[in-house]
Every structure is written in structure tokens, then in C-alpha cells.
Amino acid sequence: MDIIKQAFKELQEYDENMISNIIPISLDERMQYRNSTCVYELELSILGKLSVLTIGFPFSFPRKLPLIFDKSRRFPNIPHIETDRLICYTLTDSIIIDERFPGAVLLQSLQK
């Protein structure tokens with residue numbers, strides 16, 4: 001099973017109902033998401049409001065955290081958003097990632 005599908009499947013098993021819709025983004029558009037191997041738009045509830053985040057999965061996911069973008073500009077007041085709308089949600093130089101559970105890696109990234 002492909003690692004991204006496994007991550008989404010595990011997310012369902014954790015019974016996390018935060019994601020209401022998963023929309024794949026075409027391969028042609030992935031260049032604008034820092035060359036992610038797979039890109040999805042996720043419709044999810046954040047602080048009780050329906051929001052859309054774009055998730056880019058790097059080639060080395062889950063060893064490397066997913067990239068989270070606010071392309072819909074729903075969160076203008078977050079201080080660490082780069083010009084391409086990448087949300088800097090954590091420092092990665094001092095964390096330990098358990099690669100055996102890609103769904104948990106995705107869930108914890110979204111929760112941050």
C-alpha cells in the first residue's frame with residue numbers, strides 16, 4: 001500500500017473526524033508546492049470553522065514532515081507563513097518521528 005494512502009487510512013482508524021474531504025491536486029501543479037510527490041487539499045474543521053489546507057507530501061514522508069500550505073488565505077494572522085503560503089508549524093531539527101505510523105505523523109502535523 002502506498003504510504004500516503006496508509007496515512008489517510010490510519011487517520012480514519014484513529015477516529016479523527018477533523019477531515020471532511022480529501023481532494024487530490026494534479027501532478028502538474030505540484031511544482032508550486034515545493035516539489036511534493038503528492039498534494040491534497042483537505043477540508044477540515046479548525047476552531048469550529050470549515051477550512052481548507054493544502055498538504056504536500058515530500059518524497060521521504062514520513063521521515064520528513066508534510067508541508068502545510070494556506071493557499072486559501074484563511075489564516076492571515078499566523079506569524080510564520082512564507083510567501084508561497086507555507087505554514088511553518090514546528091522546528092524539525094530536534095524532533096523524533098516514528099516512521100512506522102504515517103497516519104500519526106500526519107495527524108500530529110495537522111494538530112500543530
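Visitor: How many salt bridges does the structure hold?

Guide: Side chains of opposite charge can pair when their charged atoms come close. The cut-off here is a side-chain nitrogen of Lys or Arg within 4 Å of a carboxyl oxygen of Asp or Glu. This structure holds six salt bridges. The model is predicted, so local features need pLDDT of at least 70 and side-chain atom pairs pLDDT 80 or more, while totals for chains, interfaces and linings use all residues. Residues are numbered from 1 along each chain as its sequence is written, and side-chain values use heavy atoms, without hydrogens and water.

Visitor: Which parts of the chain does the pair of Arg63 and Glu99 link?

Guide: Their side chains meet in a salt bridge at 3.7 Å, N to O. Arg63 lies in the loop between strand 3 and strand 4, and Glu99 in the loop between strand 5 and helix 2. The two are 36 residues apart, so the pair links distant parts of the chain. Helices (H or I, at least four residues) and strands (E, at least two) are DSSP runs, numbered from the N terminus.

Visitor: What is the order of the strands in the sheet?

Guide: Strands of a sheet pair through backbone hydrogen bonds, either parallel or antiparallel. Two strands count as paired if DSSP finds at least two bridges between them. Here five strands form an open sheet, order 1-2-3-4-5, with antiparallel pairing. Strand 1 (19–24) and strand 5 (86–87) stand at the edges; each has a single partner strand, so one side of each lacks a neighbour in the sheet.

Visitor: How many bridges join strand 1 to strand 2, and which residues face each other?

Guide: Five bridges join strand 1 to strand 2 (residues 38–46). Asn21 stands opposite Glu43, and Ile19 has Leu44 as its bridge partner. Nine bridges join strand 2 to strand 3. There, Ile46 stands opposite Lys49. The hairpin of these two strands has two residues between them, and Leu47 takes a positive phi near 55 degrees.

Visitor: Which strands does helix 2 touch?

Guide: Contact means heavy atoms within 4.5 Å. Helix 2 (residues 102–111) packs on the sheet and touches strand 1, strand 2, strand 3 and strand 4 (67–69).

Visitor: What lines the largest pocket?

Guide: Rolling a probe the size of a water molecule over the atoms shows where empty space is left. A pocket is an open set of points on a 1 Å grid over the protein atoms alone, where a 1.4 Å probe fits, with protein on both sides within 12 Å along at least five of seven lines; lining residues have an atom within 4 Å of a point. The largest pocket here is lined by 15 residues, and Ile46, Leu53, Leu110, Gln111 and Lys112 lie nearest its centre. Strand 2 and helix 2 each supply at least two residues of this lining.

Visitor: Where is the cis peptide bond?

Guide: The bond from Phe61 to Pro62 is cis, with omega near 10 degrees. Pro62 is found in the loop between strand 3 and strand 4.

Conventions. Axes fitted to C-alpha atoms, helices over the stretch in contact; angles between N-to-C directions.
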